[in-house]
Amino acid sequence: EQVTAPDELTGLTNAEIKVLDVERLEIAEALAGEAFVLKVSGAGKVTQTPPEVTCDFEARRTNGGDSLLTAKVLLEPVSRQLKLDLQLKEQARGLIVRLLDIVGEPAVDLAVEANGTIDKWASELVLTLDKTIAFEGSAAVDTIAAGKRLTLDAGGNFSRLIPENLAGLLGGEAQLVGTVLFHQEGGTADVERIRIANDALQLRASGPLDWSGATTDLSLELRTETERPLVLAKQTANLGTVRVSGLTGDVHVTGSMAAPDWKFTARAGQLATDLATLREPLIEFAGHGLDPAADKARVNGVISAMVEDNSKTDILKSLAGPFRADLAAKSDGEGRVLLNGTRIVAGDQEVAFSGHLVPSVGGFDIGFDASASSPQTGQAVLDGLLAGDVKFAGKAAKGRSNAVRLTDWRLTSEALSATVSGTAGDLLDLAVAAELLDLTQLEPKISGRARIE
C-alpha cells in the first residue's frame with residue numbers, strides 16, 4: 001500500500017539512531033547552584049517513505065539525588081496516529097526547581113501524555129510538587145474546514161510556581177480556559193476566548209490576530225476585586241509592601257502584529273506603599289509598533305495620581321500633591337528613540353527631558369531642565385542653600401562604554417550657583433565649581449560670597 005506523507009512530515013531525511021549513549025552530561029554549578037551530572041540513553045528513527053517518527057530516550061542523574069526524565073514518541077504512518085509519553089521525577093532540590101526558582105525547591109513529578117492523530121489530538125498534563133497537585137489540565141487540537149482549533153482547560157495552585165512577592169497577585173487557585181482557531185491559510189488566528197482567573201483577578205482576551213496582513217483587532221481586559229486590597233509585592237527593598245485596590249486594565253491592539261497600533265489604559269482606586277500612597281492613579285499610553293528601535297515606532301502617554309506622603313520624610317513631603325508624567329517618544333529609523341515633550345511634575349517640582357536613547361547599546365544623549373520651590377533634603381544646611389526658586393539643568397550622554405559624559409550641569413538658587421562637567425564611570429574626571437552667593441545661609445554671623453573650584 002502506498003502511503004502519502006502528512007504535510008507535517010514532508011521534506012524529512014531518512015535517519016536512524018540505533019543507540020544514543022551519552023555517559024556524562026554535566027550542568028555547571030554556576031547555572032543550577034550545584035553540579036548535575038546526567039547519563040542520557042535512547043534510540044530513534046525518521047523515515048520519509050513510509051513516513052514515520054519514533055523516539056525513546058531517558059536522562060538520569062548519576063552524581064547523587066534521584067532525577068529521571070523519560071520520553072517516548074511514536075507517529076504511525078498509515079493511521080497518522082500520534083503518541084507522546086513524557087515523565088519527569090525529581091526529589092527535592094532537583095534541577096528543574098533550581099532552574100525555575102520554584103519556592104521551597106520541592107520534589108517534582110510531571111506527567112504529559114498526548115494521543116490522537118496529526119489532525120486531531122488531545123493531551124493531559126499533571127504537575128505535582130511534594131505530592132500535592134500544583135497544576136493539571138488538558139490541551140486538544142481539532143482540524144476543521146477553517147483550520148486547526150486549539151482548546152485549553154487547566155487549573156491549579158500557582159503559589160509555589162511564582163516569586164513570593166507576586167503570590168498575592170498571581171497565586172492561589174487559578175483557572176485557564178481558552179480556544180484559539182489557527183486559520184488554514186496561515187498567518188492569521190482568532191482568539192475566540194482566553195480567560196485566566198483566580199480569587200484576586202480575571203484576565204480575558206479575544207479577537208483576531210494577523211501576522212501577514214492588517215486585520216488584528218485584539219482586546220485584553222484585566223479586572224480585580226474592588227472590596228479588598230490586592231498585594232502586588234511583599235517587602236520590596238525600598239517600598240515595603242505594595243497594595244492596590246480596584247485595579248483595572250485594558251489593552252487594544254489593531255493592524256498588523258508585525259507593527260500594530262495599540263492602546264493601554266490602567267487605573268485603580270489607590271496604590272499604597274510604606275513610603276507613599278497614590279490616590280486614583282491613571283496610566284494611559286498609545287503607540288505604534290512593539291520594537292522601540294523599529295522605523296516609525298512611537299508612543300505617547302500620561303501617568304497621573306494624587307501623592308500622599310506616608311514616610312514623613314522631607315524629600316517625599318516636597319513631592320506630595322498632584323503628580324503627572326507626560327511621555328512622547330518616537331524612533332528615527334536609525335536605531336534611536338527621540339524624546340520630545342517629556343516631562344514630570346510632582347508637587348512643586350518639575351523636570352523636562354529632551355534628546356535620544358539608543359536601546360541596542362544602552363546608550364543615550366539626554367538633556368534635562370528642572371525647577372523646584374524650596375526642595376527639602378532633610379539636611380538643614382543644604383535646605384538653606386536651596387531655599388526659594390531652584391533651577392537645575394544639563395546634559396548626560398553615554399555610548400557603548402560605561403562612561404557617562406556630563407556637559408554643562410548647572411544648579412542655581414538664591415544662595416548657590418554650581419556647575420559640573422566631565423566624565424563619570426569606572427574613573428571620575430569632573431570639573432566642579434561652586435559659588436555661595438550669601439554666606440549667611442551657612443552662618444548668620446558671616447556675610448559675603450565664597451567661590452570653590
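**Entry 1: the rule.** I count rings of Phe, Tyr and Trp (its six-membered ring) as a pair if their centres lie within 6.5 Å. I note that the model is predicted. By this rule I get 3 aromatic pairs.

**Entry 2: Phe368 and Phe392.** I looked up this pair and found the ring centres 5.1 Å apart. The planes stand at 70°, and over 60 degrees counts as edge-to-face, so I logged the pair as edge-to-face. Next I checked where the two residues sit. Phe368 is in strand β24, residues 363–373. Phe392 is in strand β25, residues 389–398.

**Entry 3: buried or exposed?** I took Phe368 and found 14% relative accessibility. Buried means under 20%, so Phe368 counts as buried. Phe392 has a relative accessible area of 31%, and I wrote it down as partly exposed.

**Entry 4: Phe368 and Trp409.** I turned to another pair with Phe368. The ring centres of Phe368 and Trp409 lie 5.0 Å apart. Their planes are at 80°, so this pair is edge-to-face. Trp409 belongs to strand β26, residues 404–412, and Phe368 to strand β24, so the pair ties together parts 41 residues apart in sequence. I read 22% relative accessibility for Trp409, which counts as partly exposed.

**Entry 5: the cluster.** Which residues do the ring pairs link? I found Phe368, Phe392 and Trp409 joined into a cluster.

**Entry 6: a charge over a ring.** I also looked at Phe36. Arg61 lies over the face of Phe36. I noted 3.8 Å from Arg61 to the ring centre.

Methods
Residues are numbered from 1 along each chain as its sequence is written. This is a predicted model: local features need pLDDT of at least 70, side-chain atom pairs count only at pLDDT 80 or more; totals for chains, interfaces and linings use all residues. Side-chain values use heavy atoms; hydrogens and water are left out. Rings of Phe, Tyr and Trp (its six-membered ring) pair if their centres lie within 6.5 Å; planes under 30 degrees apart count as stacked, over 60 as edge-to-face and the rest as tilted. Helices (H or I, at least four residues) and strands (E, at least two) are DSSP runs, numbered from the N terminus. Buried means under 20% relative accessible area, exposed over 50%, partly exposed in between (1.4 Å probe, protein chains only). A charge sits over a ring if NZ of Lys or CZ of Arg is within 6 Å of the ring centre and within 35 degrees of the ring normal.
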